[in-house]
Amino acid sequence: MRGKAIACYLLLGGLLGIGLGPTSVALLTDQVFRNGAMLGYSLVIVAVPAALLGLWLCASGLSPYADTVARLRAAPE
């Protein structure tokens, strides 16, 4: 079960990262800025919210993880 969950996680992460990341940077550069020299700004505009979302997702998982670790430590072997 753990292997299947990891495989789904990596598949979705790969598809979203490879599919949406470069596409959103290209669309932002071409459709919003309409200037290839603004590529750096497009990268920042896409990367910063993605990094903040990842940080939020990691932080939101810490409490359930700590609860699980405490429950497993308290359980008799």
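**Exercise 1. Find the handedness with which helix 1 passes helix 2, then describe the angle.**

Solution. Helix 1 passes helix 2 in a right-handed crossing, that is, the near helix is turned clockwise from the far one by less than a right angle. Helices here are DSSP runs (H or I, at least four residues), numbered from the N terminus.

Next, take the axes, which are lines fitted to C-alpha atoms over the stretch in contact. Those of helix 1 (residues 2–33) and helix 2 (residues 39–74) cross at roughly 130 degrees and come within 9 Å.

A word on the model: it is predicted, with local features needing pLDDT of at least 70 and side-chain atom pairs 80 or more, while totals for chains, interfaces and linings use all residues. Residues are numbered from 1 along each chain, and side-chain values use heavy atoms, without hydrogens and water.

**Exercise 2. Work out which residues of helix 1 are buried and where they pack.**

Solution. Start with burial (under 20% relative accessible area, 1.4 Å probe, protein chains only): Val-25, Leu-28 and Thr-29 qualify in helix 1. Then look at their partner: these buried residues pack against helix 2, where contact means heavy atoms within 4.5 Å.

**Exercise 3. Decide how Ser-60 is classed by accessibility.**

Solution. First locate Ser-60: its place is in helix 2. Its relative accessibility is 36%, so Ser-60 counts as partly exposed, the class between 20% and 50%.

Note on methods. Axes fitted to C-alpha atoms, helices over the stretch in contact; angles between N-to-C directions. Helix = DSSP H or I, 4+ residues; strand = E, 2+ residues; numbered from the N terminus.
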